[in-house]
Amino acid sequence: MQIWAVGGGKGGTGKSLMSNGIGISLAERGFNVILVDADYGGPNQHTYCGIRKPATSLAHFFEQRTPLEEIIIDTRIEGLRLIPGNFNSSNTDSLTFTQKQKLFRHIKLLRADHVILDLGAGTQYDVLDTFLLADIHVAVVAPDAMSIENFYLFLKTLHNRLLCNVLSSVGLRERANAIWKERAEHGIATSKDFIAHLRTLSSEFSDRLTREHAKLQPHVVLNQVREYRQVEMGLAVESMVNKFFHIPATYAGHIRYDKNLWMQFGQETPAINHGHAFTLQQDLERVTEKILTAHPRGVT
Ligand SMILES: Nc1ncnc2c1ncn2[C@@H]1O[C@H](COP(=O)(O)OP(=O)(O)OP(=O)(O)O)[C@@H](O)[C@H]1O
Ligand SMILES: [Mg+2]
């Protein structure tokens, strides 16, 4: 099984659209796919799937301990199933970190070729940790200054979180904090110097960080492209990620803005699988294909 996480920080960039598009593209290739609405604060993947009121949801898993297998529902697309979000829960804000970790453990036990996690907006630890735990990382950004700023913040926080997780795992977290506080005395000016210094302290830390960096290869998707000249912004974002965070991000391609998409919601069919959304479907298919070829295990 391959677990995909679709994130990117800012709300409204198209994480849910992309998750849905990946799910449909993979199902149409004959894979057994499960979409998980992991946006605990604002679940809407069921709406993308054309399902008005799912009979089950993650609230049953969290509150009534219903096995995850039992809350999976079918969609109209063969091979594509959905775990609806926490939308009828009485306590959406009070999910604990342990509950979310339990969900991830149970997801790993599901029988599927691909599981797609539609993440929420923001840079809270649980969003970042879920993103890091996945096998395939998809990061969605829109071609406007605010979205790119937020995307930068998402990656910066993600990078810090990864560093902290590795430091904790080798028992170096407190020492690293102390070094950072006195960085001038250690001749440290940038985070790059800081990491280089930490690497000299512990080869175990150094090896683990290298391994974790190698696993994190985000696929950048530029969504809501309205003009052709915006397409190149994806390349600029790709080099920004490589330059500032030394994370080998790749630009997976762009998705054009579809001015009629809004009209497709609220109907009992998947929003992007209508005859009208041909361009959108084509773009989502092309981007999914590009990501899949970078992970050969997922190609039939
Ligand atoms: N390529 C596109 N063409 C037209 N409309 C789009 C496109 N991408 C997204 N939208 C619209 O923008 C809105 C936000 O998209 P979406 O819900 O996928 O974003 P999100 O990143 O998941 O947001 P959130 O963080 O709130 O979950 C939706 O109304 C969606 O229909
Ligand atoms: Mg969403």
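1. Start with one pair of residues. V220 stands opposite Y251 in β8. The model is a predicted one.

2. β7 and β8 run parallel and are joined by five bridges. β6 and β7 also pair in the parallel sense, over four bridges. As for cover, β7 is mostly covered, with six of its seven residues buried.

3. Is Q224 buried or exposed? Q224 has 20 C-beta neighbours inside 10 Å, so it counts as buried. The cut-off for buried is 20 or more.

4. In what order do its eight strands lie? The order is β3-β4-β2-β5-β1-β6-β7-β8. The sheet is open, and its pairing is mixed. β3 (73–74) and β8 (250–256) stand at the edges. Each has a single partner strand, so one side of each is left without a neighbour in the sheet.

5. Next, look at β1 and β5. Strand β1 covers residues 2–7 and strand β5 covers residues 114–119. The two pair in the parallel sense over five bridges. For a residue pair to find on screen, take I3, whose bridge partner in β5 is V115.

6. Two helices pack on the sheet. Helix α1 (residues 15–28) touches β1, β2 (33–38), β4 (80–83), β5, β6 (136–141) and β7 (219–225). The direction of α1 makes about 170 degrees with that of β5. Helix α11 (residues 278–293) touches β6, β7 and β8. The direction of α11 makes about 170 degrees with that of β8.

7. The two helices also meet each other. The axes of α1 and α11 come within 9 Å and cross at roughly 75 degrees. The two are therefore roughly perpendicular to each other. G21, I22, S25 and L26 in α1 meet L284, E285 and T288 in α11. These contact residues divide into three nonpolar, three polar and one charged.

8. How many of the six residues of β2 are buried? Six of the six are, so β2 is largely enclosed by the rest of the structure. V33, L35 and D37 point one way from the strand. I34, V36 and A38 point the other way, and all are buried.

9. β2 and β4 pair in the parallel sense over four bridges. β2 and β5 pair in the parallel sense over six bridges. L35 shows both pairings. The bridge partner of L35 in β4 is L82, and L35 stands opposite I116 in β5.

10. L110 lies in the loop between α4 (97–108) and β5. Leaving out residues up to four places away in sequence, L110 touches I34, L68 and V115. L110 and I34 are 76 residues apart in sequence. In space they are 8.8 Å apart, C-alpha to C-alpha. L110 has 17 C-beta neighbours inside 10 Å, so it counts as partly exposed.

11. Compare R65 as a further loop residue. R65 lies in the loop between α3 (58–64) and β3. Its phi is near 55 degrees, a positive value in a residue other than glycine. R65 has 8 C-beta neighbours inside 10 Å, so it counts as exposed. The cut-off for exposed is 12 or fewer.

12. Finish with the ligand. Which residues are the closest to ligand 1? They are G11, G14, K15, S16 and A121, and 17 residues surround the ligand. The elements that give two or more residues to this shell are α1 and β7. α1 gives the most, with three residues. By type, the shell divides into six nonpolar, eight polar and three charged residues.

Technical notes: Residues are numbered from 1 along each chain as its sequence is written. Chains are lettered from A and ligands numbered from 1 in the order in which they are written. This is a predicted model: local features need pLDDT of at least 70, side-chain atom pairs count only at pLDDT 80 or more; totals for chains, interfaces and linings use all residues. Two strands pair if DSSP finds at least two bridges between them. Two residues are in contact if their C-beta atoms, placed from the backbone, lie within 7 Å. Axes are lines fitted to C-alpha atoms, for helices over the stretch in contact, and angles run from 0 to 180 degrees between N-to-C directions. A residue is near a molecule or strand if its C-beta atom, placed from the backbone, lies within 6 Å of it. Ala, Val, Leu, Ile, Met, Phe, Trp, Tyr, Cys and Pro count as nonpolar, Asp, Glu, Lys and Arg as charged, and the others, Gly among them, as polar. Angles under 35 degrees count as roughly parallel, over 145 as roughly antiparallel, 65 to 115 as roughly perpendicular and the rest as oblique.
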